[in-house]
Amino acid sequence: MKEIIKCENLCKTFFTEDGEEEVLRNINLSVKENEFLVILGPGQCGKTILLNIIAGLETATSGRVLLEGEEVKGPSPERGMVFQRIALMPWKTVIDNIELGPRLRGVPKKTRRKEALELINMVGLNGFEKAYPHELSGGMKQRVGIARAYASNPKILLMDEPFGHLDAQTRYYMEEEILRIWEQDKRTVIFVTNNIEEAVYLGDRVLIMSKLPGTIKDEHQIPMERPRDYTDQAFLEYRQEISEQTELAL
Amino acid sequence: MNQEVSSITKLEEYKKSREKKVEVRDLIKAFDDLLVLNEVNFDIYDGEFLCIVGPTGCGKTTFLNVLAKLLPATEGDILIDGVSADPKKHNIAFVFQEPSCIPWQTVEQNIRFGLEIKRLPANEINKRTEMVMELIGLTRFRNYLPKELSSSLEQRVVIARNFVMQPDIMLMDEPYGQLDVKLRYYLEDELIKTWQELKPTVLFITHNIEEAVYMAERILILSNKPTTIKSEVIVDLPRPRNFADPSFVEVRDHITDLIRWW
C-alpha cells in the first residue's frame, strides 16, 4: 500500500530559561494509506508534541515530516485534527462549528451545508444541528470534533487522546463509533493515546513510545478482525504483552 | 440456576460473617420533579472494600454526595454505627475525581491538617503522619508543594490525607479516572495494600467495571435513573488479581451485561 506520511529523524528540544529539555529523539515512522496507526505512550512522553509536529502546529528542532513526499511546513486542511479538549466555538451551533473550516476556505454555502448535514448524519448527531456545545454531553461534543475534522476532507486524521476525558463506558461506546465512522469513510488515522486497551481495540498497528526523551521503543501489528472483543483471550494477551513493554510514568 | 443459588448463598455467608458499619435506609433524593435516587437500601460492612458501578448518568455522584451529607437527602436516612450520620460526629473522608490538596501547604502539612483540626496530641499526629507517608511512599516528597507534584502524586497525597484520619468511612469518587492504565493499576495496588494494612471501610465509585472487579470485595450495581440497586456481586478472587484471568473475565462480563447501554 501507498505510504502517506513519513517522519525522518524527528527531534524536538525546548530551550527555556532553566535549560534544555529534550522531548523527542530520532523519531522515524511511516504510515500507509488508510492505516489506523495508534501511538501509545505514558503521560508526558512527548506524544502530543509529535502529533502537533505532524500537524504542522509545532516545528521540529531537526528532522522532517513528509506528506506524500512533500515536506510539511505548517498546518493544512489535508491534515485534520481532533483534539482532546475538543475546542468547539461555544457561540456557534453544531452545524456552524462543522462548517467553519469550509467557510473560511470559501466553499459555497449550499455545498458546505449539504456536506455538513451528511457528516452530522455520519457521526450520529441528527436532530442536534442547531444545538450549542454547552447543550451536548462530552461524547456528543467529541462527535462534533470528529465531524469537523472530516469537513476539510483531509488525507489524514490526527487524533490526540480524543476520548481521554470521557468516562470508561462512554469511551467504549465512542471507540465503537469511531471505527464505524472510519469503516464508512476510510482515512489514514494517527491516533494518540495512553490507554493500552484502547490501542489494542482500535489499531492496525501500535507504536510504543518511551518516557522522555520520547523515542519509539517497539511496534506491534494487531491482526485481529474487527469488531474486537475486549475480553477475548487473544485480545487480553495483546494487552498484557504491550503493558509489559510500556513504562510506568510516576 | 445452580450458579444463581450458589451466588445467593455466597452473598448470605458474606453478610453473616461481617459487622454492619453503615446502613442506608430508604434513601430518596429528588431535585424538584427529577427523582434521582429511588428508595436505595443497603449496608456497608466494617472494613469492607465496596465498589459501586452503574451506567453513565445514573446519578452516582449525587449518590455519593448524599452519602457524604454534602447534599441533603429528600427522604430516608444513613446510619453509621447505628446513629444518624453527622459530619460533626463521624469521620467521613472524601477523595474527589480531581486532586484537591491545599495549594499553599506542603505534602506533610496537607496530611497533618485534618488531625490538627481534630486536635489530636502532637505525638499521635507525628506517628500517624510518618506511618502513612511511609506506606504510600511520600516521605521523600514531604516538603514539596502540590504544584511541584504530578497529578498522580497529588492524588496520592489526598489519599494519604484521608487514610491518616482513620475515617469511619472513606468515599472515593473515581480518583484514578484520567490516568493511564499502567499507572492506574500501580496506584490501585498501592491503595489495596494500604487498605489491607489499615482496614478502613471504603466505598469506591467508578464507571470502570474492570477497575471495580480488580479491587472490590463486593460490588453494587446501580440501575438507570431513578437509581436503585439492581444487583450485588461478591468478588472472592484471590489477590493480586489479573485482568486476563478467565475467572476475572467472567465476573467482568457478567457485570458488563448488567449495565451495558452502549
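Leaving aside its neighbours within four places in sequence, with which residues is R171(A) in contact? The legends below take up this question and then turn to other parts of the structure, which is a predicted model.

Figure 1. Apart from neighbours within four places in sequence, R171(A) is in contact with F163(A), L166(A), N195(A), E197(A) and E198(A). R171(A) also belongs to a network of salt bridges that includes E175(A), E197(A), E198(A) and R239(A) from chain A, together with R184(B), E188(B), E210(B), E211(B) and R252(B) from chain B.

**Figure 2. The salt bridge between E197(A) and R239(A).** Side chains of opposite charge can pair when their charged atoms come close. In this view the side chains of E197(A) and R239(A) meet with an N to O distance of 3.6 Å. The pair links distant parts of the chain, with E197(A) placed in helix α6 (residues 196-202) of chain A and R239(A) in helix α7 of chain A, 42 residues apart. E197(A) counts as buried at 6% relative accessibility, and R239(A) likewise counts as buried, at 2%.

**Figure 3. Two further salt bridges, one in chain A and one in chain B.** A search of the whole structure finds 46 salt bridges over all chains, and among them is the pair formed by the side chains of R187(A) and D185(A), at 2.9 Å from N to O. R187(A) is buried, with a relative accessible area of 10%, whereas D185(A) counts as partly exposed at 24%. In chain B, E23(B) forms a salt bridge with R25(B), and the closest N and O atoms of this pair are 3.3 Å apart. Here E23(B) is buried, with a relative accessible area of 19%, while R25(B) is partly exposed, with a relative accessible area of 27%.

**Figure 4. A patch of negative charge on the surface of chain A.** The residues that gather in this patch are D229(A), D232(A), E237(A), E241(A) and E244(A). One of them, E244(A), lies in helix α7, which covers residues 233-245 of chain A, and E244(A) is exposed, with a relative accessible area of 63%.

**Figure 5. Helix α2 of chain B and the residue K69(B).** Helix α2 (residues 60-67) of chain B is largely enclosed by the rest of the structure, because 7 of its 8 residues are buried. The buried residues of this helix are K60(B), T62(B), F63(B), L64(B), N65(B), V66(B) and L67(B). Just after the helix, K69(B) takes a positive phi of about 65 degrees.

**Figure 6. S151(B) in helix α5 of chain B.** This residue is found in the helix made of residues 151-163, and S151(B) is partly exposed, with a relative accessible area of 43%. Leaving aside neighbours within four places in sequence, S151(B) is in contact with P99(B) and L179(B). The C-alpha atoms of S151(B) and H90(B), which are 61 residues apart along the chain, are separated by 29 Å.

**Figure 7. P108(A) in a loop of chain A.** The loop that holds P108(A) runs between α2 (94-104) and α3 (109-122) of chain A, and P108(A) is exposed there, with a relative accessible area of 53%. Between the C-alpha atoms of P108(A) and Y238(A), 130 residues apart along the chain, the separation is 48 Å.

Definitions and conventions
Residues numbered from 1 in each chain as written. Chains lettered and ligands numbered in written order. Predicted model: local features only at pLDDT ≥ 70, side-chain atom pairs only at ≥ 80, totals over all residues. Heavy atoms only, no water. Patch = residues over 30% accessible without salt bridge, like charges linked within 9 Å, V, L, I, M, F, W, Y side chains within 5 Å. Areas by Shrake-Rupley, 256 points an atom, 1.4 Å probe, with all protein chains shown as cover. Salt bridge = Lys/Arg side-chain N within 4 Å of Asp/Glu carboxyl O. Lys, Arg positive; Asp, Glu negative; His and termini not counted. Charge placed at Lys NZ, Arg CZ, Asp CG, Glu CD. Helix = DSSP H or I, 4+ residues; strand = E, 2+ residues; numbered from the N terminus. Buried < 20%, exposed > 50% of the residue type's maximum accessible area, 1.4 Å probe, protein only. Contact = heavy atoms within 4.5 Å.
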